[in-house]
Amino acid sequence: MCRLSAITSSLYFSPMENILALETMKEGHDGSGLGLVLKDLGGPFEDLKSYPILSGSCTKKGLEMLDDYMQQAGFRVKYSWEPKIKRVAGMEIEPRDHYFARAYQYPSPYEPKAQAEWEQLLLETRLDLRRMGEKDQSLFVFSFYPDCLTLKEVGDPLQLGEFFGLDDPSLQAKIILAQGRQNTNYAIYLYACHPFFIQGYCTMTNGENTAFIPIREYLTSRGFFGYMGYNSDSEVFTHILHFTHRQLKYPLTYYKDIITPLKDEEILERPDAEAISLLKKSLRPLCIDGPNMVVGFIPDGTIFMVQDSKKLRPGVVGGAEGKYALMSEMCGMDRAIPQRDRSADIFPSKYDMVMVTPNAQEVQVWNQLHG
Amino acid sequence: MQEFPYVIQWREDRCTRCGRCTAVCPQQAIEPAVFAQRLVHSESGTLVPSTVRKVSHGIRQVNDIDRYCTGCGMCSLVCPNMAIVPHYNPHHKFLFHKNLGGTPYKRGGRRNDPSPSTLDKLKFTRISMLTDPALDAGRHEFHIRTLLGRILPPDKLPLKLTGNRLVVEDDQFIPPVREIFPIRIGSMSIGALSPSMWEGLAMGITYLNEVEGIPVVMCSGEGGMPPRLLRSRFLKYFIPQIASGYFGWDEIIRSLPDMVEDPCAIEIKYGQGAKPGDGGLLMSYKVLKLIAGIRGVPMHIDLASPPTHQTKYSIEEAVAKMIQSMSMAWGFRVPVYPKISGTKTAQAVLNNLARNPYAAALCIDGEDGGTGAAYNVSMDKMGHPIVSNIRDCYLDLVKQGKQNELPIIAAGGMGKTGNLAANAAAMIMLGASAVDIGKYILQTAAGCLGDEYNRCNLCNTGKCPRGITTQNPKLYRRLDPDKVAERVVDVFKSAEIELKKIFAPMGRSTELPIGMSDGLSVGDKAIAERLEIDYAC
């Protein structure tokens, strides 16, 4: 079972805070990978909020391919960041030639266009790059979106933190999702590493998804080109969120109603009973059976935690106004925000969706039974 | 006698000559006989052999192909002294002879193929262990239910956002959808079945719904339903079927104003897996007062349903208009769907239905389905296996993104060898929303004697020795409807437990794992490739 560490704050903070929290939950990850997604970036990216950032890693050949492609597509590099790699004896990390996060200027025809259009361009570009580099593994790209940065590598999270030099103040953000992987996907593969990202939506999950195949078949048949990949059975959680909130335009809480629908007798108590009864039937293939706990964010910066319908995985949310952590285990919470009021910690029930509003202003517990 | 499919073994030393076996034999395949024997014996102290002629009485199998022994075993059942038993003869040449007078062999039953079915070769191999702990079939809540009806995709739902809540817009048509148990009792008519059998099934499913809370539904078959049932609140557990003879529909339509509940659904029969391209035929000797009354016909005449709906000439007529007419009769409150026989062209029908917003489902009946009467050649050699037919249809819907909109129901051969829950679960994981049973319930609830070795299969003759498929009161009184109902309840309660035992280790409990094909494997590469599932050995 992977370990999850998410922090949201009104001030910029370092991803090392997430990684140190993951370190306390070490028995739950096995060195098969670290995934980091940073949103609302500080440091040099603070002034580049409107520029899409392409994150990934590659070989020398991959870099050439990337540059050629982006140049041809009309993207111009605005700013380029590469971690300062530190190699320490004993590290079990096989470094790649390049890790990068590059802010690009849009090709000129796109700059004034609507959000949906540039979002489409960015996703198409990322998927093209992914397809080009996937065969020989010369190029991995994880996200291409404004104000979001992704880092992924195989290894122990703490060693990777040191390897990437993540204590460097140049890399900070207000929302960071981090996952320490326990590989259960047969092969250790970077595209199977959470958190997964699509058009401003991001989730990470622990547990397995026993309903993976019907969900994948449902998503891939929606006619949306971005629903692909699925090297991990958890990637569908991100795409369900995207489908629910962006494509169908339902409020965030309906994500919970879709992945873990209420029983019919419970639905009757809801003020929107008629609507969710229809949703339950209509989106039946997206129902999960767990065991899963999902942590994610949506483009406005709301971050949330939900459980499967039997609460077969642990999860805790705690903190105070200005900084909240969403952790898979208490020890991670104690490490991330030790000075909080522990009596205010929230352990979401199987009906709860815990949401922290943007800028870590407020934590809300939405109960599915009451709607 | 060695050319016959079953050979009677009679033991003179055990027989009391009571005559019960000859009286009960539905075929008159055995008869009392007189045997003359020449015995050698000696009566004196020294050996002085002499011969005597002895005349004895006993039982003899008749050497007449029209009175062949079907192996039903009723003779053994009634014998007080275990003196008689039929034995299957694997070297028989029955089909070489059974066409006297130029009349091909007709029978009831199923396809006579005892080899293991594809369904029985499928195994459930994605067992959740440590990475995703199995659920507990005894502790966790399971919801073994399926949906019957046209399900709107999310982008077609009449929803609008009011504040932060979704609300349903008024005056928008939402197709009716029923939540039912995923194993149904398929179409067997009152007429094909005896009153005792049909009543037993009906009582059983009513009890399951009303008392056990398991929403099992049953299709009427062609031939209508008892008028009192049509006007009762129990109608919601039944699916009236309309087929090419329209038998019974006068009474159904006349009952419409008096109905207090809508039926569960309406099934339009276009084909039957056991005898594709054949119509129905209820022989005159089955058309007694009750049947004639329900069907709205005179007594003692043959009731033939044509192979096709005679008033229709195209798929648009046959499917779209009939679905619309039936929907309209109940104010669009009842799901209406067609049933076809398994065929290579099933996807063409499926795609037509996928584009018809009123089509509520598609039921496909495979070659292993049963029938009350058909030509042997139809049953044995016509039809399409159900498994790949259903899989192809499901994957076709997946390609179109409509896999959750149009439920596919699989019929024909479910539980053929007794593994009902396993067969149903496998079909569901391949893409079916529900399965239908027919022969299985007759065998488990009423002790039907038929099997794939052509045992019994006398359904067409009206002489069913169990009283299941006969209108002869002397025969159907052998069947106690209450006992049948009890067994129906047993069957569905145990099937529900077995389905949980299958789904729990695979980590599924909340929704039916429709299309969860990664849960299945098979030890046959060709089948694995064809069904797009794993090969495991």
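**Ground rules.** I am working from a predicted model, where local features need pLDDT of at least 70 and side-chain atom pairs count only at pLDDT 80 or more, while totals for chains, interfaces and linings use all residues. Residues are numbered from 1 along each chain as its sequence is written, and chains are lettered from A and ligands numbered from 1 in the order in which they are written.

**Chain B, overall.** I began with the secondary structure, taking helices (H or I, at least four residues) and strands (E, at least two) as DSSP runs numbered from the N terminus. Chain B has 17 helices and 24 strands. I then checked the radius of gyration, taken over C-alpha atoms, against the globule rule of 2.2 Å times the number of residues to the power 0.38. For 537 residues a compact globule would come out near 24 Å, and the 26 Å of chain B agrees with that. Along the principal axes, the C-alpha atoms fill a box of roughly 115 × 60 × 45 Å.

Next came burial: I call a residue buried if 20 or more other C-beta atoms lie within 10 Å of its own, exposed if 12 or fewer, and partly exposed in between, with C-beta atoms placed from the backbone. By that count, 50% of the 537 residues in chain B are buried. For contacts I used C-beta atoms, placed from the backbone, within 7 Å. Among contacts in chain B between residues at least 6 apart in sequence, 76% join residues at least 24 apart.

**Domains of chain B.** I looked up the bounds, which come from an automatic or database domain assignment: domain 1 covers 6–103 and domain 2 covers 136–152 + 179–535. Their C-alpha centres lie 41 Å apart. How many residues of each are in contact with the other? I found 8 residues of domain 1 touching 8 residues of domain 2. The domain 1 side divides into 5 nonpolar, 3 polar and no charged residues. Here Ala, Val, Leu, Ile, Met, Phe, Trp, Tyr, Cys and Pro count as nonpolar, Asp, Glu, Lys and Arg as charged, and the others, Gly among them, as polar.

**Core.** A nonpolar core is a set of buried Ala, Val, Leu, Ile, Met, Phe, Trp, Tyr and Cys residues joined through C-beta atoms within 7 Å. In the largest one, of 252 residues, I364(B), I390(B), A410(B) and V435(B) touch the most other members. Domain 1 and domain 2 of chain B each give this core at least three residues. I followed A410(B) and, leaving aside neighbours within four places in sequence, found contacts that include I386(B), M427(B) and A432(B).

**Strands in chain B.** Is β2(B) (residues 30–41) largely enclosed or in the open? Of its 12 residues the number buried is 1, so β2(B) lies largely in the open. Strands pair if DSSP finds at least two bridges between them, and β2(B) runs antiparallel to β3(B) (residues 50–61) over 12 bridges. F35(B) has S56(B) as its bridge partner there.

I also noted an open sheet of 3 strands with mixed pairing, in the order β6-β23-β24 of chain B. β6(B) and β24(B) are at its edges with a single partner strand each, so one side of each has no neighbour in the sheet. β23(B) and β24(B) pair in the parallel sense over 2 bridges, with S521(B) opposite D534(B).

Most residues other than glycine have a negative phi, and most peptide bonds are trans. A360(A) is buried, with 23 other C-beta atoms within 10 Å, whereas D171(B) counts as exposed with 5. The peptide bond from H194(A) to P195(A) is cis, with omega near -5 degrees; P195(A) sits in the loop between β8 and β9 of chain A.

**Helix α1 of chain A.** I found 7 of the 9 residues of α1(A) (residues 16–24) buried, so the helix is largely enclosed by the rest of the structure. Its buried residues pack against elements including β1, α4 and α10 of chain A.

**Where A meets B.** The contact takes 32 residues from chain A and 35 residues from chain B. On the chain A side, α9(A) gives the largest share, 5 residues. That side divides into 16 nonpolar, 7 polar and 9 charged residues.

Definitions and conventions:
Contact = placed C-beta atoms within 7 Å.
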